[in-house]
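Hi,

Here is the structure I promised to pass on.

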Number of protein chains: 2
Amino acid sequence: MARTVTFSAACTLDGYIARSDSSFDWILHGEESREVLGGFWKTIDTILMGRRTWDVAVRAGHGQGHAGIETCVFSRTLPPSERPGLRIVSEDVVAFTRRLKETHGNGIFLMGGGELARPLFEAGLVDEVGLNIHPLLLGSGIPLFHEMPRPIELERIDCVPFRNGCVYVRYAVRRKRA
Amino acid sequence: MARTVTFSAACTLDGYIARSDSSFDWILHGEESREVLGGFWKTIDTILMGRRTWDVAVRAGHGQGHAGIETCVFSRTLPPSERPGLRIVSEDVVAFTRRLKETHGNGIFLMGGGELARPLFEAGLVDEVGLNIHPLLLGSGIPLFHEMPRPIELERIDCVPFRNGCVYVRYAVRRKRA
């Protein structure tokens with residue numbers, strides 16, 4: 001069975017994942033989100049992210065990565081490298097991810113903004129979308145989704161309203177019949 | 001008590017209310033949405049919309065309006081007019097809506113895309129947001145929200161997952177303390 005690629009993020013109701021300066025101090029935490037998102041983290045062993053998201057992660061103190069999880073950072077400017085838990089990948093994200101999905105392993109967490117997600121959606125490599133929608137209109141910032149040439153149909157597989165006002169939704173990407 | 005202005009729309013998970021050609025054939029109907037949205041329609045007696053949304057409504061055969069509801073269409077190009085159930089308003093939407101909220105009446109439904117909603121959000125005249133989020137990434141189209149200079153905090157007051165895959169969410173706009 002192919003590994004599941006999940007595009008997952010906390011976002012605002014108007015579809016931003018961060019302010020324009022990359023800050024995300026508006027993200028709410030709580031027992032319920034810890035439980036639901038903690039369950040998701042247990043299903044993954046790989047994180048894919050773009051270089052901008054990586055910069056934000058490093059500034060937030062997550063540059064050491066997460067135990068038992070390999071973080072793959074896609075960058076055309078950073079020198080390719082590999083150390084335990086971290087790979088800097090200069091290869092095309094679509095080719096890399098297609099190959100990755102064919103290897104043995106657990107779930108793959110596609111993290112960050114829509115810039116990295118877009119080519120993967122277009123290539124049909126994203127299997128699920130999980131959003132923690134926050135009760136906020138940010139007004140401007142870094143968008144969750146970028147424009148794509150074709151619609152993608154989803155099937156809702158989960159919807160959990162949290163007491164803190166967030167709504168966690170999870171969808172499976174519907175595959176076109178051959 | 002002031003009248004409630006509700007910005008309400010069907011939208012896709014990536015925040016569009018229609019395709020670029022204004023079509024909305026992707027909107028799902030069903031018993032549950034009829035019930036929830038029917039309940040909302042009973043609370044309103046006025047609809048505010050921009051001229052583009054009006055054009056779409058006319059093309060969809062809703063140019064006769066809705067029984068017992070006054071539709072106010074904001075346009076700087078159509079000649080101002082008033083007939084039972086329909087007003088073409090050339091006045092600024094903020095000034096008009098501020099005055100409207102001070103008159104006696106029921107709820108006010110702010111319909112359509114974010115272009116008309118934006119100045120009303122910025123002026124603090126929108127009280128609620130109700131979205132029927134569809135299980136679809138449209139990729140491109142007419143956006144639900146436009147950029148705004150300041151964040152707006154919301155309080156979730158309803159969240160109903162429909163069997164057809166939609167999620168209906170309703171929020172109250174939080175007022176800043178004076």
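In chain A, β11(A) and β12(A) make a hairpin with five residues between them. One residue of that turn, A:G165, has a positive phi of about 100°. Before I go on, this is a predicted model, in which local features need pLDDT of at least 70 and side-chain atom pairs count only at pLDDT 80 or more, while totals for chains, interfaces and linings use all residues. Residues are numbered from 1 along each chain as its sequence is written, and chains are lettered from A and ligands numbered from 1 in the order in which they are written. Helices (H or I, at least four residues) and strands (E, at least two) are DSSP runs, numbered from the N terminus.

Strand β11 (residues 152–161) of chain A runs antiparallel to β12(A), and seven bridges join them; two strands count as paired if DSSP finds at least two bridges between them. A:P161 has A:V167 of β12(A) as its bridge partner. β12(A) also has strand β8 (residues 128–134) of chain A alongside, again antiparallel, with six bridges. There, A:V129 sits opposite A:Y171.

Is β12(A) mostly covered or mostly open? Mostly covered: of the seven residues in strand β12 (residues 167–173) of chain A, five are buried. Buried here asks for 20 or more other C-beta atoms within 10 Å of the residue's own, exposed for 12 or fewer, and partly exposed lies in between, with C-beta atoms placed from the backbone.

For contrast, look at A:W41, in helix α1 (residues 31–41) of chain A. A:W41 counts as partly exposed because 15 other C-beta atoms lie within 10 Å.

Now the two chains together. Chain A puts 26 residues into the contact and chain B puts in 26 residues, where contact means C-beta atoms, placed from the backbone, within 7 Å. On the chain A side, β9 (136–137), β11 and β12 each supply at least two residues. The largest share, seven residues, comes from β11(A). By class, that side of chain A has 16 nonpolar, four polar and six charged residues. For the classes, Ala, Val, Leu, Ile, Met, Phe, Trp, Tyr, Cys and Pro are nonpolar, Asp, Glu, Lys and Arg are charged, and the others, Gly among them, are polar.

How are the copies related? A rotation of 180° with 0.0 Å of shift along its axis superposes chain A on chain B, with an RMSD of 0.0 Å. That is the relation of a two-fold axis. The same surface serves both copies, with 100% of the contact residues of chain A recurring in chain B. Which residue of chain A comes closest to the rotation axis? A:G15 does, with its C-alpha at 3.4 Å.

Strand pairing also crosses between the chains. β9(A) and strand β11 (residues 152–161) of chain B are antiparallel partners over two bridges, and A:L137 stands opposite B:I152. This belongs to an open sheet of 10 strands with mixed pairing, in the order β9(A)-β11(B)-β12(B)-β8(B)-β1(B)-β7(B)-β3(B)-β4(B)-β6(B)-β5(B). β9 of chain A and β5 (81–83) of chain B stand at the edges with a single partner strand each, so one side of each has no neighbour in the sheet. Further in, strand β1 (residues 5–12) of chain B pairs in the parallel sense with strand β8 (residues 128–134) of chain B over seven bridges, and B:F7 has B:V129 as its bridge partner.

Last, a helix pair in chain B. The axes of helix α3 (residues 93–102) of chain B and helix α4 (residues 114–122) of chain B come within 9 Å and cross at roughly 65°. Axes are lines fitted to C-alpha atoms, for helices over the stretch in contact, and angles run from 0 to 180 degrees between N-to-C directions. B:V93, B:V94 and B:T97 of α3(B) make the contact with B:L116, B:P119 and B:L120 of α4(B). Those residues divide into five nonpolar, one polar and no charged.

Cheers

Key
Contact = placed C-beta atoms within 7 Å. Least-squares fit on C-alpha atoms with pLDDT ≥ 70 in both.
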